[in-house]
Amino acid sequence: MDRLPHTGVSPATSPSDLSPSRAPLTTVAVVGLGTMGTGIAETLARAGREVIGIDIDERACRRAVTALEAATARAVHRERITERERAKILGRFRVATDLRAAADAELVIEVVPEDYDTKREVFAGLDTVVRPTAILATGTNALSVTRLAAESAHPERVLGLHFFNPAPAMRLVEIVSSVLTAPGAVEAVTALARDLGKEPVALGDRPGFVADGLLFGYLNQAAAMYEAKYAAREDIDAAMRLGCGLPMGPLALLDLIGIDTARTVLEAMYAASGDRLHAPAPVLGQLAEAGLTGRKAGRGFYTYQAPGSGTVVPDAASAEVRHATDGARPVRAVGVAGSGTMAAGIAEVFARAGLEVVLAGRTPEKAEAAKARVAKSLARSVSKGRMTERAREQALERIGTADSLDAFAAVDLAVEAVAEDLVVKQELFRALDKVCKPGAVLATTTSSLPVIACARATSRPQDVVGLHFFNPAPAMKLVEVVHTVLTADEVRATGHAVCAAVGKHPVDCGDRAGFIVNALLFPYLNNAVKMVQEHYATPDDIDAAMKLGGGYPMGPFELLDVVGLDVSLAIERVLHREFREPGLAPAPLLEHLVAAGCLGRKTGRGFREYAKA
């Protein structure tokens, strides 16, 4: 939608009655009938509101009607509504190509493209059409609500109403006030959102608000990671889906949102924050200028079957993710050094896949305790019907224990899973270098330390690779295979081959701080802490925003308390030290909580308090 005609006749200009006691909003106009506007209109009509859909493009109006007919037909077919209810919903929706159709609306929601001049013209037109008591809402997620309100004839009635796509399904609605917005307008729209079955979160005016403010910084860093050729697009996306449980990878999500839209949001965020992490990655501008804006254009980071299609088809870049396993060294026996949760989990993974495993702890008791942890995990799998009792016995029989690395003399792969302390790891690798046979692959499971530092502790750095498993190792599919500048090709290939052989999904990346997952995850967590530190939103609101608006399995503060605030702080310090970006500096609030011993669930208090076990 571009420009809408409107009359030059102004209605009565008495002050708006925006008191909290105003009547419920029953008639709503939606200006802009693209995907989002159509979805909002459907949500309102289903909830019993009279809806006027307005778009200057008659084709958009017809598409909106057709979309509502199709959506309600599906609902009837799935027995969610009756034919009679469908008829009522369709009867509550009408379309027009002129702003004058909004004259009787009590609320107008503008959802035109993210262009300030276009939105300003719409609001100027609405000022001459709607009643002074009507509330005007902008659906922007990037532009200033305050600026739009200040140029309106009645700034007190202007606010932001940010739905998430697809609007009928996504529960979050961000309600954004400017310093000029009347409380009554916020209360009326909040009541409407709840009546629509949504979860409203009240916020102040800043680019991106909560959900997109956190989301787009993360998406931008993923685009920069791809642009630097650090990892293939499929590996970046798989890493975040499998490592963090996200519904979509960041590059696929950028294609869905629209690369041009993402660039606009980031430009607004950067203008407000000055944080270089918000400065759009150059690849976003290059793709946008070339018209490769994502799914809607048929091509963005990926290539699609047709414009508007969600079906990815192979292209020239597809071969990048076909990790070579040619020349991989055979792996039949594995040594796992460590006795903690991760070591036990990795030993279980290899034993269940049929490999012989030696589990070495610092003492016989620690090694046996680690094997007992494996036995307990396998017993749970049996009780849940995931494996047979015989398979459990066979897996346990494949695990031997030892209190010395001398037991690794015959292994083909030695995996280090000890404390995240470089001095400790280097000492262990020196010992592995002396014990392991020539040609054995030596692997570290570090999540934040340089793999090359472990490799250089040996006389055979070409045999060292990172195998970053995720916790719990038996359940998590992802393994980051990390090669250094000295890692031999056949060792890198062995890492991929052995991960695939034990049922894991390997992704390939170079040896730099955070690898893929932590390099994208922890700046996002840090930015969430900064939002709380700046009193912009509460942990509860931010967690709700990311779960309901982004489909995240956990909110950032839930996740921080699970991971441990001390662990998170350590990783953020590593990222800041390596990349030297001011925006990566750990939030002072996080440092203060760690200094106070508030480390999350393990201490009973982090961003929230927990009952003692």
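Biologist: So a cavity here is a set of grid points where a 1.4 Å probe fits but cannot get out. Which residues line the largest cavity?

Modeller: This is a predicted model, just so you know. Around the largest cavity you find Leu214, Gly217, Tyr218, Gln221, Leu277, His278, Leu520, Pro523, Tyr524 and Asn527.

Biologist: How much space lies in the largest cavity?

Modeller: About 50 Å³. The count of cavities of 30 Å³ or more comes to 1.

Biologist: Which elements supply at least two residues each of the largest cavity's lining?

Modeller: α7 (211-227) and α18 each do that. By class, the largest cavity's lining has 6 nonpolar and 4 polar residues, with no charged ones.

Biologist: OK, pockets. What volume does the second largest pocket have?

Modeller: About 1,300 Å³. There are 44 residues lining the second largest pocket, and Met342, Phe470, Asn471, Val563 and Val567 lie nearest its centre.

Biologist: Which element gives the largest share of the second largest pocket's lining?

Modeller: α18 does, with 6 residues. Elements giving two or more residues to that lining include α8 (233-244), α12 (341-352) and α21 (565-579).

Biologist: And how does that pocket's lining split by class?

Modeller: For the second largest pocket, it's 28 nonpolar, 12 polar and 4 charged residues.

Biologist: You mentioned Asn471. Is its peptide bond to Pro472 cis or trans?

Modeller: Asn471 and Pro472 are joined by a cis peptide bond, with omega about 0°. Pro472 sits in the loop between β16 and β17 (478-483). Asn165 to Pro166 is also a cis peptide bond, omega near 0°, and Pro166 is in the loop between β6 (158-163) and β7 (172-177).

Biologist: Switching to helix packing: at what angle do α10 and α11 cross?

Modeller: Roughly 135°, and the axes of α10 (residues 259-273) and α11 (residues 282-289) come within 9 Å. That makes α10 oblique to α11.

Biologist: Is the crossing left-handed or right-handed?

Modeller: α10 passes α11 in a left-handed crossing.

Biologist: Which residues meet there?

Modeller: From α10, it's Ile259, Asp260, Arg263 and Leu266, and they meet Leu284, Gly285, Leu287, Ala288 and Glu289 in α11. By class, the contact of α10 with α11 has 5 nonpolar, 1 polar and 3 charged residues.

Definitions and conventions: Residues numbered from 1 in each chain as written. Predicted model: local features only at pLDDT ≥ 70, side-chain atom pairs only at ≥ 80, totals over all residues. Heavy atoms only, no water. Axes fitted to C-alpha atoms, helices over the stretch in contact; angles between N-to-C directions. Helix = DSSP H or I, 4+ residues; strand = E, 2+ residues; numbered from the N terminus. Parallel < 35°, antiparallel > 145°, perpendicular 65-115°, else oblique. Left-handed = near helix turned anticlockwise from the far one by under 90°. Contact = heavy atoms within 4.5 Å. Nonpolar A, V, L, I, M, F, W, Y, C, P; charged D, E, K, R; others polar. 1 Å grid on protein atoms, 1.4 Å probe; cavity = no way out; pocket = protein on both sides within 12 Å on 5 of 7 lines; lining within 4 Å. Points joined across faces, edges and corners; volume = space filled by probe spheres on them.
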